Amino acid sequence: MIFSALPVILLGASVTNAALTYKGVDWSSVAVEEKAGVSYKTANGNAQPLERILAESGVNTVRQRVWVNPAGGNYNLTYNIALAKRAKSAGLGVYVDLHYSDTWADPGHQAIPAGWPTGIDDLSWKLYNYTLDVSNQFQDVGVQPTIISIGNEIAAGLLWPTGRTSSWGNVARLLHSASAAVKDSRLNPKPKIMIHLDNGWNWSTQNNWYTNVLKQGTLVSSDFDMIGVSFYPFYSSSATLSALKTSLTNLANGWGKDLVVAETDWPTSCPAPKTSFPSDARSIPYSAAGQATWIKDVANVVAGVKGGVGLFYWEPAWIHNANLGSSCADNCMFSQSGQALSSMSVFEQI
């Protein structure tokens, strides 16, 4: 499906405040940081568990990445169930981000977990049973995720090499198996099932991917409820807010799913960015105030699109990895001492 470009809209703080269903952050590394001695504090300096600070700041859902069998155990299912129980106790919803790898699954890495088969028949079956087991284990501890993402940033496919997009039929089959497992699980109520791609501003990428995977006939529209996208300002000068608006609008018109910005960041320090920032974001300062402005602007784009329901900030509390994978020095919403920045309160406003 191809849609004509849409007119540029006005963006910024003057736009009516967004009203999103899911106002969230990825807090996957909180237990890693706590083991390293970090004690989190409110903006007023009061020590509290991170989940309490998030809830009191307006966050209503936390995102957690799940790795299959990582070295050392961090981010495995046991690690994530413990985190999810903390989140539920604080009144937060849980969004489970299944990476389907023993380590990072992202645009450059989608390695099949060690010991998993590589043939499409056996791999699809393994994926089904793994996803079913993960879903059932969450139910068994009394945590029902509100969202489960079947893969992470899979514009180039998942479970490489079998599930690369050079084999669209394999991609479709794997995702259908993962979706069926969530639906067949004991989870009650059932979560929203998300498919998540990177470069959410790039309509050509999004259109090509969904057009190709769905025309295989194996993955069908009813297999997923949500389209998630990553949207970062520091990897491409083309990643404008207006481009995101166009892409999300076209996704809504083409496939009628709930839409979520599943990952975004803004720096408090960026002395030497490798890539020019998008033109409609260059006036935003690299500061806590700038973070708040960016989050509001992105939230307003999402809320202004049919089906736009959520925004998640990626790892705002991972202070020992403050650049968060970017060329900017610090994208966290907590200081190096673990104290919340003023930008945390923005979640109350979206």
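Ser179 counts as buried, because its relative accessibility is 0%; buried means under 20% relative accessible area, exposed over 50% and partly exposed in between, with a 1.4 Å probe and protein chains only. The model before you is predicted, so local features need pLDDT of at least 70 and side-chain atom pairs count only at pLDDT 80 or more, while totals for chains, interfaces and linings use all residues. Residues are numbered from 1 along each chain as its sequence is written, and side-chain values use heavy atoms, with hydrogens and water left out.

Ser179 belongs to helix H5. Helices here are DSSP runs of H or I with at least four residues, strands are runs of E with at least two, and both are numbered from the N terminus. Which residues does Ser179 contact, leaving aside its neighbours within four places in sequence? They are Ile150, Ile193 and Asp223, where contact means heavy atoms within 4.5 Å. With Asp223 there is also a polar pairing: a polar atom of the Ser179 side chain lies 2.6 Å from the backbone oxygen of Asp223.

I turn now to the helix packing. Two packed helices are described by the angle between their axes and the distance between the axes. Axes are lines fitted to C-alpha atoms, for helices over the stretch in contact, and angles run from 0 to 180 degrees between N-to-C directions.

Helix H5, residues 168-184, packs with helix H4, residues 120-140: their axes come within 8 Å and cross at roughly 30°. H4 is therefore roughly parallel to H5; angles under 35 degrees count as roughly parallel, over 145 as roughly antiparallel, 65 to 115 as roughly perpendicular, and the rest as oblique. The crossing of H4 and H5 is right-handed, a term used if the near helix is turned clockwise from the far one by less than a right angle, anticlockwise being left-handed. On the H4 side, the contact includes Leu123, Leu127, Leu132 and Ser135; on the H5 side, the residues include Arg173, Leu174, Ala178 and Val182. By class, this contact holds ten nonpolar, five polar and three charged residues. Here Ala, Val, Leu, Ile, Met, Phe, Trp, Tyr, Cys and Pro count as nonpolar, Asp, Glu, Lys and Arg as charged, and the others, Gly among them, as polar.

Ser135 of helix H4 deserves a separate remark. Is Ser135 buried or exposed? Ser135 counts as buried, because its relative accessibility is 1%. Beyond its neighbours within four places in sequence, Ser135 contacts Ile148, Val182, Ser185 and Leu187.

H4 also packs with helix H3, residues 77-89, at an angle of about 35° and with the axes 11 Å apart. The crossing of H3 and H4 is right-handed. Leu77, Asn80, Ile81 and Ala84 of H3 meet Val134, Gln137 and Phe138 of H4. The contact of H3 with H4 comprises five nonpolar residues, two polar and no charged.

Finally, some backbone details. The peptide bond from Trp160 to Pro161 is cis, with omega near 5°, and Pro161 sits in the loop between strand S4 (147-150) and H5. Another cis peptide bond joins Asn188 and Pro189, with omega about 5°; Pro189 lies in the loop between H5 and strand S5 (192-197).

Tyr100 is not a glycine, yet has a positive phi of about 55°. Tyr100 lies in the loop between strand S3 (93-98) and H4, and counts as buried because its relative accessibility is 1%. Glu315, also not a glycine, has a positive phi of about 50° and is placed in the segment after strand S8 (308-313).

Methods
A polar contact is a pair of N or O atoms within 3.5 Å; within protein, one must be able to donate a hydrogen and the other to accept it, and residues adjacent in sequence count only if both atoms are side-chain atoms.
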